[in-house]
Amino acid sequence: MSVAIDTKTVRIRFLDTHKFSDVENVPEDVQKGDFIVIETEKGEELVLVVGRSVPDPDNPSQYKFLRKATKKDISTFDKHEKEAEKALALCKKLAENLGLKMNLLKSYIPLNRSKIMFYYVSEGRVDFRQLVKELAKRLKMRIEMRQVGVRDGVQMAGAIGVCGQQCCCSVFIDKFDTVNVEMLEEQNLPPTPTKFTGICGRLMCCLAFEVDNYSIRKNLPELESEVEINGKKYIVKDYDFIKETITLTGEDGEIVVYTFDQIDELGLKRELPCDNCGMKNNEVERIELEGNENS
């Protein structure tokens with residue numbers, strides 16, 4: 001008679017790409033920091049458990065839990081890593097001899113030796129057919145070439161960012177968000193992309209971390225615009241999105257600071273253009289008022 005085993009969903013990290021995913025039906029005794037063996041499209045893989053996860057019925061895990069890693073599994077993984085390093089050196093040499101423009105990052109062999117994979121970065125398509133023939137002839141294994149993006153490359157290799165810390169992508173980032181120059185303006189940062197370029201040559205991922213906090217900006221009065229509070233006119237001088245305050249300067253030079261909540265209670269909003277004519281709301285209202293007076 002079989003005994004039912006309590007299971008759970010765990011968060012795992014792949015040891016070749018350093019990407020994260022979920023695995024379901026993992027025994028309850030598997031803990032954070034343990035290694036488990038799962039079945040993927042690459043073969044049998046040793047992966048690291050980084051914590052518990054909440055199952056998503058709409059997106060079930062595509063990986064199958066096989067077993068908790070044994071000493072033999074870990075020993076096999078270490079042996080394959082050393083073999084893969086030698087294969088990578090060979091691949092780099094052959095690619096150079098063939099004049100292929102590709103930056104080879106890593107090679108990887110699953111536990112069951114179903115294939116050997118070579119990860120690379122390239123600006124365009126690479127005709128690596130001859131390279132694969134040479135590798136297959138020498139390594140006697142199935143060869144698979146996988147092109148990855150530059151951000152994926154840094155995630156795999158790891159690096160230290162301009163902040164002095166490990167790059168976020170190699171520590172905790174699950175998936176890459178879109179990062180664009182508009183985010184600099186939204187966060188009151190200097191419009192100089194070179195100052196915010198990461199190791200990968202792309203805009204830094206951390207620019208997307210707080211961008212949602214600045215979404216309120218579209219509702220605030222514009223900088224240098226004029227507002228009226230209790231019959232007194234002020235000029236909008238500055239926002240502080242961390243403290244959630246707005247600084248105003250009066251006609252007599254008086255400086256006052258209001259919170260975003262107070263500004264909302266006072267009904268001070270950004271003047272939006274008319275959808276059809278491009279004029280601001282108060283301009284439309286003034287024209288309508290003048291039209292009524294002349295009729």
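A: Let's start with Lys140, which lies in the loop between α2 and β8; helices (H or I, at least four residues) and strands (E, at least two) are DSSP runs, numbered from the N terminus. Bear in mind that this is a predicted model, where local features need pLDDT of at least 70 and side-chain atom pairs count only at pLDDT 80 or more, while totals for chains, interfaces and linings use all residues. Residues are numbered from 1 along each chain as its sequence is written, and side-chain values use heavy atoms, with hydrogens and water left out.

Q: Why is Lys140 called exposed?
A: Its relative accessible area is 68%. Buried means under 20%, exposed over 50%, and partly exposed in between (1.4 Å probe, protein chains only), so Lys140 counts as exposed.

Q: What is the phi of Lys140?
A: Phi is near 60°, a positive value in a residue other than glycine. Most residues other than glycine have a negative phi. Asn230, in the loop between β9 (226–229) and β10 (232–240), also has a positive phi, near 55°.

Q: Which residues of helix α2 are buried?
A: For α2 (residues 129–139), they are Leu131, Glu134 and Leu135. They cover an arc of only 95° around the axis, so they sit on the same side of α2; the arc is that of the directions from the helix axis to the C-beta atoms. The face turned away from that buried side carries the exposed residues Arg129, Lys133 and Lys137.

Q: What makes the pair of Phe172 and Phe209 tilted?
A: Rings of Phe, Tyr and Trp (its six-membered ring) pair if their centres lie within 6.5 Å; planes under 30 degrees apart count as stacked, over 60 as edge-to-face and the rest as tilted. Here the centres are 5.9 Å apart and the planes at 45°, so the pair is tilted. Phe172 and Phe209 are 37 residues apart, and the pair links distant parts of the chain.

Q: What kind of aromatic pair do Tyr239 and Phe241 form?
A: They are 5.6 Å centre to centre with 65° between the planes, which is edge-to-face. Tyr239 counts as buried at 5% relative accessibility, and Phe241 is buried at 8%.
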